[in-house]
Amino acid sequence: MVPRYTRPVMAAIWSPENRYRIWFEIEALACEAMAEYGAIPAEAAKTIREKGDAAMAAFSQADLDRIDEIEAETRHDVIAFLTWLAEKVGPDSRFVHLGMTSSDVLDTCLSVQMVQATDLLLQDVDAVLAALKRRAFEHKYTLTIGRSHAIHAEPTSFGLKIAGHYAEFARNRERLVRAREEIAVCAISGAVGTYAHIDPRVEDYVAKKLGLKPEDVSTQVIPRDRHAAYFCALAVIASGIERLATEVRHLQRSEVREAEEFFHKGQKGSSAMPHKRNPVLSENLTGLARLVRSHVIPALENVALWHERDISHSSVERNICPDGTIGLDFALMRLAGMMEKLVVYPDQMQANIESLGGVVHSGEVLLALARAGILREDAYRIVQRNAMETWTKLGHKDGKTFRENLAADPEVAGRVPAEVLDAAMDSNAHLGKIDHTFTRVFGEAGPARS
C-alpha cells in the first residue's frame with residue numbers, strides 16, 4: 001500500500017525487520033524444543049538463542065543488505081537468512097533448521113504476522129464502535145427522514161440509523177475474531193508434512209510459545225482455505241465501511257445537507273470553486289473498500305495448490321496480506337475519526353421531513369382510516385389520491401398540504417376526527433419503540449428523552 005494510506009504501526013508488522021525477527025524466533029524455538037528431548041545439545045540451543053537475540057537486537061540496514069546480497073546469489077530467501085544467521089551464530093548454527101522446510105518458517109511466520117495485524121484491526125473496529133455508539137445515543141431522538149429507493153419513506157431517528165451500523169460492526173468484530181482464530185496456526189512438519197525428519201513435539205512447542213495451534217494436516221504448507229476465509233472476512237468489513245461511507249456521501253449532498261464531514265480550518269474543497277465542501281473522506285473510504293474486497297478472488301484461487309505444495313500462492317500473499325490489512329487498518333481509523341467529528345444538522349433533517357407537504361405520514365394515515373372503519377383497499381385509494389395531489393402540486397400557488405387535502409376530502413371529512421389525523425402526522429410517534437432497539441443493540445436504552 002502506498003504511504004498515503006499506510007499507518008506506520010501496521011506497516012511495521014509487514015517490514016523485513018519484523019519478518020526476520022519472527023523467522024529467527026521460530027528457528028530458535030524449534031532448537032529449544034529439540035534440545036528438550038535431546039535431539040540437539042542444550043548448549044547449542046542456548047548459543048543459538050543468545051547470539052541470535054543479540055544479532056536481531058542490533059539488526060540494521062547493513063544486515064538487510066547482507067541478506068539481500070546472499071539472496072541475489074542463492075535465489076532463495078530462507079536460505080539467505082539462514083546463511084546470515086550462521087555468520088552471526090557460528091558453528092552451532094548447524095543445528096538451526098534441522099529437519100525443517102522453508103514453508104515451516106514462511107507459513108508459521110505469516111500466521112504470526114496476520115495475528116499481529118488482526119489484533120490491530122480489532123482495536124480499529126473498537127474505535128469505530130465507540131464513535132458510533134456515542135453518536136447513536138447523542139442523536140437517539142433526532143428525527144430524520146427514512147428513505148427507501150432513495151425516496152422519502154417515513155420519519156425515523158438518526159440515532160437509530162447509526163445504531164444499525166453499530167450492530168453491523170459488532171458482527172464484523174465477531175467475524176474478525178473468528179478469522180483470527182482460523183489463521184492462528186503453526187506448521188513445523190518438514191518436507192511434505194510427514195514429520196519424517198522432525199518430531200511433532202517441536203511443532204507443539206513452537207505453536208504454544210507463539211500463541212498458535214498446530215495445523216491438523218499441513219502437507220508442507222498450511223491449507224489456504226484458512227487464508228481465503230480470512231480475506232473474505234476483511235472484505236465483509238470493507239463493505240460495512242462503504243455502506244456507512246455511502247450514507248454520509250448522500251447526506252452531504254447539497255440537496256440533502258443533513259450531515260457532513262468536518263471541514264477543517266484552512267481546508268480547501270476545490271481548486272476552481274472556493275465554495276466547495278466535498279465528502280472526500282467517505283469517497284476515499286469507498287475506494288479503499290474496493291481495494292480490500294479485490295483481494296478475495298486471488299485468496300480464493302490460492303486454495304487450489306498442487307499436491308502437497310507449490311508456491312503459486314506466494315507472490316499473491318506477498319501483496320495482498322500487507323495491502324489488505326494496511327488498507328483496512330487505515331480505512332477503519334479514518335472511519336472512526338470521520339464519525340467522531342461528523343457534523344449533524346437536525347434542523348435541516350426536520351425541514352426535509354416537512355418538504356413534501358406531509359405525505360411521508362401516508363402510512364400512519366392509512367392505518368388511522370382503517371381503524372376508523374374504512375376498508376383497507378378504500379383507505380389506500382383515498383390516501384394515495386390525496387398524497388399524489390399534494391406531491392404533484394408542491395410549490396404551486398394552489399398547492400395544499402397533505403393534511404389540508406385530507407380534511408377537504410369528502411370520504412375523510414366527518415369520518416375521521418381532526419385530532420386523529422393530527423396524531424397520525426406527528427413524527428414523534430416513530431420514536432415510541434426506540435428503547436426496544438437500543439436495548440437490544442447496546443444492552444441499554446440510555447437516558448430518557450428530556
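In the predicted model, strands β1 (residues 143-148) and β2 (residues 151-157) pair in the antiparallel sense. Five bridges join the two strands. One of the pairings sets Thr144 against Thr156 of β2. Another links Arg147 to its bridge partner in β2, His152.

Helix α6 spans residues 102-138, and helix α12 spans residues 314-341. The two helices pack at an angle of about 15°. Their axes lie 8 Å apart. Angles under 35 degrees count as roughly parallel, so α6 is roughly parallel to α12. The crossing of α6 past α12 is left-handed. Sorted by class, the contact between α6 and α12 holds 17 nonpolar residues. Seven charged residues and one polar residue are also part of this contact.

Helix α6 also meets helix α2, which covers residues 16-36. Here the axes come within 9 Å. They cross at roughly 120°. The range from 65 to 115 degrees counts as roughly perpendicular, and angles over 145 as roughly antiparallel.

At the level of the whole chain, the domain assignment gives three segments. Domain 1 comprises residues 1-98. Domain 2 runs over residues 100-350. Domain 3 takes in residues 357-442. The C-alpha centres of domain 1 and domain 3 are 73 Å apart.

In the model, the chain over residues 357-442 is 58% helix. Its strand content is 0%. The C-alpha atoms at the ends of this stretch are 35 Å apart.

Conventions. Residues numbered from 1 in each chain as written. Predicted model: local features only at pLDDT ≥ 70, side-chain atom pairs only at ≥ 80, totals over all residues. Heavy atoms only, no water. Domains from an automatic or database assignment. Helix = DSSP H or I, 4+ residues; strand = E, 2+ residues; numbered from the N terminus. Axes fitted to C-alpha atoms, helices over the stretch in contact; angles between N-to-C directions. Left-handed = near helix turned anticlockwise from the far one by under 90°. Nonpolar A, V, L, I, M, F, W, Y, C, P; charged D, E, K, R; others polar. Pairing = 2+ DSSP bridges.
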